[in-house]
Amino acid sequence: MSKFHSAHIPVPHTDGDDPRLGPLLAGGDLPEKDLRAVILGFPSEEGVRRNGGRPGAAEAPDAIRLMLYRMTPDVESPGDHRHLLERTRDLGNFRLDGSLAQSQEAFGEVVAGYLRKGVVPVILGGGHETAFAHFSGYATAGLHTAILNLDAHADVRPLKEGMPHSGSPFRQAVEHPSGTCDRYMVAGLQPCAAAAAHINYIREQGGRCLLREETNISSLPEFFHDHLSERLMVTFDMDAVDQAFAPGVSAPCANGLQPDLWLTAAYLAGRNEKVTSFDLSEVNPQFDRDGQTARLGALTVWHFLLGLSHRGR
């Protein structure tokens, strides 16, 4: 049995002068040598429940796909973007079997396989427990990486009764016995939602933190060029965005980042040669308004893939 099941998302009709992403991403098999990126869904919300958040994130991968499939390649650089999209495949949603920890480990094995081949995984969560499943790919492959998280919360809480949750992924990564997490960096932190003990923990471990008011177009590019590691795993938590633009999340943010900065950051992540994987987490369709948050999530993935198509330019 396949580890993935196909998303039941309508693939929009396309023709030569009005292409859409759906037929490109959901196309047939590619020779392994031609594959540049893969889209993988990790539809988990158990970690959100354990962390006291609002369940519903398990529906996010398909809600994001519904919006993403309708979009067109970039009008300003259609050749580059379309070429990348033709070499990207959406593999569907991972089958969650067993406990959350078991699912994270099994998903990591899949991610590891693509990392070893130089294929960029683009992962759709799920709660932010997705990030540890994502990191597990590096640990399994034995590949060192720094982690960059754009988030309102530090997410370095201890496990709860020995179990992982959506608030623990980066403590798990930092303390992983593989030692493959070189550094943890987080930007967009809300001063009212980031405990001093957690900030101190990150800094004591050699990590870096930017509060929301410090996170801007000047500071973010420097974060993306951290020199401690040769790789950079990037994870975006949608609750970093102001709830006026992203109401459908597990933990809404009343004074979050603006969409233009958020989307610029996604583009910068895609364009950076050191970024070897990306995930988007914490979209919650049950609390969305007219698909607003899912649409912004899809546009985030679109910008990441656009940046990926511009590498080397």
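This is a predicted model: local features need pLDDT of at least 70, side-chain atom pairs count only at pLDDT 80 or more; totals for chains, interfaces and linings use all residues.
Student: What is the volume of the largest pocket, and which residues lie closest to its centre?

Tutor: The space in the largest pocket comes to about 290 Å³. Its lining comprises 19 residues. Those closest to the centre are Asn-51, His-153, Asp-155, Arg-157 and Ala-251.

Student: How many charged residues does the lining of the second largest pocket have?

Tutor: The second largest pocket has a volume of about 170 Å³. Its lining consists of Asp-29, Leu-30, Glu-32, Leu-35, Arg-89, Leu-91, Tyr-114, Lys-117 and Val-119. The elements giving two or more residues to this lining are β3 (88-94) and α5 (100-117). By class there are five nonpolar residues, no polar ones, and charged residues numbering four.

Student: Are helices α3 and α11 roughly parallel or roughly perpendicular to each other?

Tutor: Two packed helices are described by the angle and the distance between their axes. The axes of α3 (residues 60-68) and α11 (residues 292-309) come within 8 Å and cross at roughly 70°. Angles of 65 to 115 degrees count as roughly perpendicular. The two helices, α3 and α11, are therefore roughly perpendicular.

Student: How many nonpolar residues take part in the contact of α3 with α11?

Tutor: The crossing of these helices, α3 and α11, is right-handed. From α3, Ala-63, Ile-64, Met-67 and Leu-68 meet Ala-294, Arg-295, Gly-297, Ala-298, Val-301 and Trp-302 of α11. The contact includes one polar and one charged residue, and its nonpolar residues number eight.

Methods
Residues are numbered from 1 along each chain as its sequence is written. Side-chain values use heavy atoms; hydrogens and water are left out. On a 1 Å grid over the protein atoms alone, a cavity is a set of points where a 1.4 Å probe fits but cannot get out, and a pocket is an open set with protein on both sides within 12 Å along at least five of seven lines; lining residues have an atom within 4 Å of a point. Grid points are joined across faces, edges and corners, and a volume is the space filled by probe spheres set on the points. Helices (H or I, at least four residues) and strands (E, at least two) are DSSP runs, numbered from the N terminus. Ala, Val, Leu, Ile, Met, Phe, Trp, Tyr, Cys and Pro count as nonpolar, Asp, Glu, Lys and Arg as charged, and the others, Gly among them, as polar. Axes are lines fitted to C-alpha atoms, for helices over the stretch in contact, and angles run from 0 to 180 degrees between N-to-C directions. Angles under 35 degrees count as roughly parallel, over 145 as roughly antiparallel, 65 to 115 as roughly perpendicular and the rest as oblique. A crossing is left-handed if the near helix is turned anticlockwise from the far one by less than a right angle, and right-handed if clockwise. Contact means heavy atoms within 4.5 Å.
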